[in-house]
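Please keep the sequence and the model in view while reading.

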Amino acid sequence: MIYDRQYYLDTFRVTERDLETLAAEGLKGGGDFCDLFFENTSYRDILLRDGEVSSGGFHIDYGVGIRVLCGEKTGYAYSESTDMPSMKSAARAAAAITVGCAVGGDRRTSDHRHFGRPNPAADRYPMLQDWRTADVAAQLPMLQKLESLIRAKDTRVVKVIAMLSSQVSDILMYNSFGELKYDTRPMGSLVASVVFTQDGAIESKSVSRSFRKGGEMLTDALLKELAAQAVQGIDERFAARRPKGGRMPVVMGAGASGILLHEAMGHAFEADFNRKGQSIFSGKMGERICGKGITIVDDGTIKGNRGAVNFDDEGVPGQYTVMVEDGILTSYLHDRISAKYYGVAPTGNGRRESFRYNPIPRMRATYMESGDGTAEDIIASVKKGIYVDQFANGQVKIGEGDFTFYVKSGFLIEDGRLTMPVKDVNIIGNGPQALADIRAVAGDLAIDDGTWTCGKEQSCPVSCGIPTVLVSNLTVGGE
Amino acid sequence: MMDYRLTEQERALAARCLETALAKGAQKARVTLNKSCMDLIGTLNGEVDKVSRCLDRSISIALFVDGKYGSFSINRLEESALEDFIDKAIATARLLAEDRLRDLPDPARTAKDAAGGRELGLYDEACPKMDSERRLAIALGASIFKDTAPTEEWTLVSEEAEYSDSVFDTLVMDTQGLYCRHTETSFEYGVEMTITDKEGNKYSGYWWNVCPRLAGLGAEGICDRALSRAVSQIGPRSLRSGKYTCVIDSECSSKLVTPLLNALGAYAVQQNNSFLCGKLGEKVFHEGLTIRDMCRNKGESGSRLFDSEGVATTEHDIISNGVVNEYFINTYMAGKMQMAPTVEDATRPRVMPWPEPGLDRGAIMARCGDGILVTGFNGGNSNAATGDYSFGIEGFAFKDGRKTHPVREMLMTGNLVELWNNLLAAGDDSRPCKSKLIPTLAFGNVDFSGE
């Protein structure tokens with residue numbers, strides 16, 4: 001949502017003259033760039049447990065983060081008050097980075113500038129019902145309806161916890177180039193955690209949807225979709241066994257398997273790790289890193305997506321960034337610091353958890369473009385392997401490139417057919433090798449709209465997606 | 001120089017929040033006032049890369065209104081903003097369903113020995129005296145980047161480190177007279193070293209220390225330790241899948257204890273989403289497993305005199321000789337489960353040495369003979385309902401008690417109850433800087449997946 005400029009100045013009780021004064025204060029010590037990030041976030045949640053929506057609350061977070069850059073070095077401080085003395089004090093604290101920091105002109109912060117005013121017509125997350133003024137009483141029955149839908153679908157359900165969380169952040173950004181950007185970022189998340197019992201055994205499943213949308217996202221269709229997913233595959237989960245572990249082909253199902261890209265490649269493409277020489281992909285720009293026909297992107301432009309940004313947290317417009325094109329590494333994910341280091345334009349990936357953190361290169365919606373195969377043919381091509389489609393979490397070691405992700409459910413593949421259900425196995429591989437081992441890509445790209453949150457130093461909402469993909473050799477945990 | 005503890009005015013503000021809540025219609029309320037300050041210096045390759053200052057204040061309020069309950073927080077502490085905040089909070093709580101089980105804890109169970117905040121001796125007067133010169137001296141003095149020459153085997157690529165000092169001050173008050181305060185300082189230094197071998201493969205090693213007292217930090221030597229951890233990983237290979245004896249280094253062994261403690265949480269048990277449902281009082285684990293909450297040790301990281309409700313902590317066995325002694329039950333869950341309340345969580349759990357005190361990693365490896373030494377985990381998770389787990393690991397193969405070569409791209413997989421019933425030894429070498437005191441552990445018959 002993008003309101004008019006005065007709305008944001010009033011929210012933070014500042015004038016444009018104040019912004020100029022603060023940026024100048026930050027640069028007094030000799031820094032070459034200063035930016036201000038104002039945030040006013042209202043977060044609300046309501047929770048259904050044991051059939052009643054009997055707990056909930058709201059939380060307000062307000063403040064301004066001030067950053068001073070001296071070449072690639074960062075000074076950062078924040079204030080939870082927007083009175084001028086407090087903000088000036090923060091600016092002076094951030095300016096401490098300039099002590100003993102002499103920077104030549106060629107190492108100064110990226111001077112790619114974007115002076116255009118935010119354009120409401122290009123808004124990627126218009127909010128039809130503002131969560132802040134929504135009728136909470138009207139939301140309570142939605143959670144009860146969700147529980148009823150879930151219970152109606154499966155008699156084995158013994159417990160349901162449903163939670164609706166909503167957040168709206170007013171953001172105002174100003175920097176010493178004179179760029180002024182503003183944005184109102186909604187986020188709504190609906191989560192259901194369900195416990196099932198069968199013959200004394202217990203299984204649980206958690207499903208979620210999260211969008212940069214207002215209260216209009218709460219529709220009957222969404223509740224039905226979530227309820228259906230909550231009970232889907234429970235028969236298989238009760239029947240699932242641990243597979244025999246070891247190296248084998250892995251077919252990644254379309255959608256949530258995009259966690260493979262996030263962990264195995266996306267983090268290693270973040271330019272801060274490469275600038276410092278820590279990433280396994282450092283120095284590989286322009287090289288072939290996987291097969292022809294494979295294109296991997298990080299996209300901040302999907303309307304209403306959890307990873308969408310009108311502007312990143314440095315005021316750079318959100319973009320569609322092609323990291324790998326037809327198998328060739330074409331771009332890292334940049335903030336202003338790394339963009340200057342590499343002599344390229346920022347890609348709109350400078351993101352942060354809140355005003356308490358300085359921005360760093362972060363993913364948005366990371367996915368692989370569709371290929372020309374089919375999921376059926378890919379599965380049929382595997383003699384013995386595993387098919388995976390639901391995940392819990394992942395992790396990567398940037399230098400070594402070793403990544404893992406935890407599989408909540410999937411199937412064995414035997415002679416080209418899905419056979420025994422499997423669950424609760426970790427899969428481990430090496431990023432560059434896994435990329436090189438991608439043997440087939442289907443044409444069924446799906447973006448997963450779950451509550452994906454990346455935890456690189458700070459929490460940041462992201463999303464991921466992938467078409468059905470065959471990786472010829474990964475290590476699967478098992479007996 | 002700055003003292004960022006709670007002021008008298010701020011404490012009075014918390015009290016007025018309680019009064020306002022009662023005046024506006026709440027029957028009971030609890031306020032938690034948090035204040036913290038952290039100064040941080042980040043270095044890259046022996047030079048300052050980042051400085052930051054973080055000053056935080058916030059008020060959280062739990063409201064009990066006409067049998068209904070809500071939890072709210074705000075970081076704007078101006079009186080006018082707070083009044084409006086409490087108005088809206090009460091109105092929101094009234095929209096929720098009635099839940100008569102929500103209540104403040106019985107005053108008889110709350111801490112009476114924590115009114116000053118410094119009773120545990122976790123506040124170091126050196127903290128407010130820190131200035132940028134002293135911080136720089138520690139951050140840059142610990143660096144070894146410029147003195148580390150390439151060898152025939154490896155070259156140092158980057159040294160990325162952070163030094164920080166912090167003050168945390170928390171006050172919890174409620175309308176039944178609770179008044180508990182916890183004040184703590186913290187000094188921390190951590191570093192990640194990245195190297196390349198002669199083939200261009202990269203390896204990283206991390207090491208850190210944290211201490212409530214500056215004198216206990218010992219930043220020197222941390223970079224050397226991180227570097228040696230990176231270098232030791234050169235030339236890894238995977239082992240064949242199979243069952244191995246497994247030794248878990250004390251640096252990472254909490255990964256195997258945290259899921260046990262989570263399974264004892266009342267929220268998981270009440271929802272049937274715990275593999276320890278119905279196991280209270282039963283012998284579930286090997287008799288060698290005793291986990292003791294050593295929550296009141298003066299001067300030790302992680303010690304606390306009260307939980308978030310203000311309930312007094314006590315030193316006791318959570319699991320004793322394999323028997324589950326306790327679920328973590330707060331006031332609300334006690335009503336739900338019709339059980340006596342305990343505390344909200346383990347505060348400073350310690351896995352006690354077994355079969356004898358004094359064992360360290362080397363001694364345990366010598367006893368085990370051959371196996372896999374796990375020195376770090378790479379991802380993975382466990383199923384709360386079943387206890388099934390699967391973790392990525394890094395570490396070393398060992399033979400006759402001695403490391404032979406590093407291993408990589410391997411996974412350990414199994415069930416937590418089975419794993420803990422195969423306990424071979426628990427050492428006496430947990431790191432005192434951690435809030436969970438988990439030593440080197442050894443287990444038999446663990447499934448590893450590799451080649």
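A residue is buried if 20 or more other C-beta atoms lie within 10 Å of its own, exposed if 12 or fewer, and partly exposed in between, with C-beta atoms placed from the backbone. By this rule, 51% of the 451 residues of chain B count as buried.

## Model and numbering

This is a predicted model: local features need pLDDT of at least 70, side-chain atom pairs count only at pLDDT 80 or more, and totals for chains, interfaces and linings use all residues. Residues are numbered from 1 along each chain as its sequence is written, while chains are lettered from A and ligands numbered from 1 in the order in which they are written.

## Overall shape of chain B

Chain B has nine helices and 16 strands. Helices (H or I, at least four residues) and strands (E, at least two) are DSSP runs, numbered from the N terminus. The C-alpha trace spans about 75 × 55 × 35 Å along its principal axes.

Two residues are in contact if their C-beta atoms, placed from the backbone, lie within 7 Å. Of the contacts in chain B with a separation of 6 or more, 73% join residues 24 or more positions apart.

## The nonpolar core

A nonpolar core is a set of buried Ala, Val, Leu, Ile, Met, Phe, Trp, Tyr and Cys residues joined through C-beta atoms within 7 Å. The largest has 201 residues; A:Val250, B:Ile61, B:Leu63 and B:Cys246 touch the most other members. Domain 1 (8-231) and domain 2 (242-449) of chain B both contribute residues, so this core lies between them. The domain bounds come from an automatic or database domain assignment.

Beyond four places in sequence, B:Ile61 contacts B:Cys17, B:Ala21, B:Ala29, B:Val31, B:Phe72 and B:Ala89.

## Helix α8 of chain B

Which residues of α8 (361-368) are buried? They are B:Arg361, B:Ile364, B:Met365 and B:Cys368. They cover an arc of only 100° around the axis, so they sit on the same side of α8(B). The arc is that of the directions from the helix axis to the C-beta atoms.

The cover over these buried residues includes β7, β12 (371-382), β13 (388-399), β15 (423-426) and β16 (441-449) of chain B. Just after α8(B), B:Gly369 takes a positive phi of about 80°.

## A buried loop residue

B:Val257 lies in the loop between β7 (242-248) and α5 (258-263) of chain B. B:Val257 is buried, with 23 other C-beta atoms within 10 Å. Not counting residues up to four places away in sequence, B:Val257 touches B:Pro349, B:Val351, B:Lys436 and B:Ile438.
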